[in-house]
Amino acid sequence: MTHSDQPRPLQSRASGALTGKVRVPGDKSISHRSLILGALSVGETRITGLLEGEDVLNTAKSMQALGAAVERTGDFAWRVRGVGVAGFAQPKAPLDFGNSGTGCRLVMGAVAGCPISAVFDGDTSLRTRPMRRIFDPLEKMGAKVIAVVEGGKLPLTLQGARDPLPITYKTPVASAQIKSAVLLAGLAAPGTTTVIESEASRDHTELMLKHFGADITSVMEGQHGRRITLVGQPELHGAAVVVPADPSSAAFPVVAALIAEGSDVVLSDVMTNPLRTGLFTTLREMGGAIEESEVRGDAGEPMASLRVRASKLRGVEVPPERAPSMIDEYLVLAVAASFAEGTTIMRGLHELRVKESDRLAATADMLRVNGVKVEISGDDLIVEGRGHVPGGGLVATHMDHRIAMSALVMGCASDQPVKVDDTAFIATSFPDFIPMMRSLGADFS
Ligand SMILES: O=C(O)C1=C[C@@H](OP(=O)(O)O)[C@@H](O)[C@H](O)C1
Ligand SMILES: C=C(OP(=O)(O)O)C(=O)O
């Protein structure tokens, strides 16, 4: 994916109230998993509401390259005919995951349990991200990394295990990508694979594995953790997956509606799995009016409609143990905090340094160039809210979709317009972001 050849700048200017009802695209985490588990199942998986963003499309291509039949049957509707657990075929070319950590790392786990080798690669952002955290446990399970650049980065070649071993693995950081990679490799191992996390991360892999017929249990471990046990070598059966709207994408219109005076916006079908809703909890603590209705669920994943009205926000302290449930939302929370009255302290953000960009530094820069007082102290981000944001800055996106969207949200209510240098990467997770925000009344030009 070579977006940077053609940067697409954009300016966001305050345009008054945002109003209307929209459905943001399907959840990115669930979309990746539905394709991968569909490919590891026997029979047919029908997916509706799939996120057709570049990250997920790259996962779909990788599943095809590994031997599954993956077809688009209509708008956001996909069919996968799987090869069964450990059934992947040797891919003929390197697997290119573009900008996507999730796609790359989960597929590494799935490949680790198959007797094949595959080259994993991605764009210049993904090539900076740590992969040792994934292949360390996979090597304990019998896979081998046979070619890797220094520091454990992409591109790398992974040789899957002929006879994978089940392991008990304690994740070094709360990461659903590490947990999921181990569980996906564990599918091919005899006996039970156990993952222990001291802070619970999103549990979509566990819920979906159960939906596809695996024997998997999850129990509390300590105050905030989980112990997940998977019985290996199940026969997974293709299943129907309805992908709810992505709370990490909903985060952008939610914050825009809270900060733009007079706004009243409804977002339908937003997934409300408690391991994903730390942002909504925090915004409510700040005084944000976010009401849930039409609460329901599908395949273990709860969802609801969210009505969001413009609100006077106040600064709060966000505890470190909340980080896994809102890890992708701190950028846009920092925007909300800039419009609040008082100081917001977000604690324990070390993982933000290893995302599509160093999001801790990039968030601070985004605020600073728009006249907001901000400080990084160790792993904490401290934002001095003054009830309004001067704006007028040009924000560097660093190949990071969430920086681009957060900066454009900031411009929806700042005194002067906010510019971003490149919107191209928004297509990785929220391809319709710009027209959808315009349909609510945002002035993007
Ligand atoms: O498993 C997933 O779908 C994801 C896990 C998170 O990453 P980590 O596992 O690195 O925390 C998150 O940042 C990413 O956007 C999606
Ligand atoms: C971190 C993210 O995704 P990934 O790790 O899949 O690149 C994200 O979408 O914010």
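Begin by selecting ligand 2, which 13 residues surround, the closest being Lys-28, Gly-101, Thr-102, Arg-129 and Arg-402; a residue counts as near a molecule if one of its heavy atoms lies within 4 Å of it. This is a predicted model, in which local features need pLDDT of at least 70 and side-chain atom pairs count only at pLDDT 80 or more, while totals for chains, interfaces and linings use all residues. Residues are numbered from 1 along each chain as its sequence is written, chains are lettered from A and ligands numbered from 1 in the order in which they are written, and side-chain values use heavy atoms, with hydrogens and water left out.

Stay with ligand 2 and show the side chain of Lys-28, where an N or O atom is 2.7 Å from an oxygen atom of the ligand.

Next, select ligand 1, whose surroundings include Lys-28, Ser-29, Thr-102, Ile-327, Asp-328 and Lys-355. An N or O atom in the side chain of Arg-33 is 2.7 Å from an oxygen atom of this ligand, and a polar side-chain atom of Ser-175 lies 2.7 Å from an oxygen atom of ligand 1. At Gln-177, look at the backbone, where a polar atom is 2.9 Å from an oxygen atom of ligand 1. Ligand 1 exposes 390 Å² when taken alone, and the protein buries 95% of that.

Now colour the protein chain by domain, with residues 3-26 + 244-444 as domain 1 and residues 28-242 as domain 2, bounds that come from an automatic or database domain assignment. The C-alpha centres of the two domains lie 28 Å apart. Where they meet, 30 residues of domain 1 are in contact with 30 residues of domain 2, contact meaning heavy atoms within 4.5 Å.

Between them, domain 1 and domain 2 bury about 2,600 Å², 52% of it on carbon and sulfur atoms; this is the accessible area (1.4 Å probe) that two parts lose on being put together, summed over both. In domain 1, select Leu-275, Glu-356 and Thr-428, which lose the most area to domain 2.

Finally, return to Glu-356, whose side chain meets that of Arg-129 in a salt bridge (3.7 Å, N to O), the term requiring a side-chain nitrogen of Lys or Arg within 4 Å of a carboxyl oxygen of Asp or Glu. The count between the two domains is 3 salt bridges.

Notes. A polar contact is a pair of N or O atoms within 3.5 Å; within protein, one must be able to donate a hydrogen and the other to accept it, and residues adjacent in sequence count only if both atoms are side-chain atoms. Accessible areas come from the Shrake-Rupley method with a 1.4 Å probe; for residues, only the protein chains shown count as cover.
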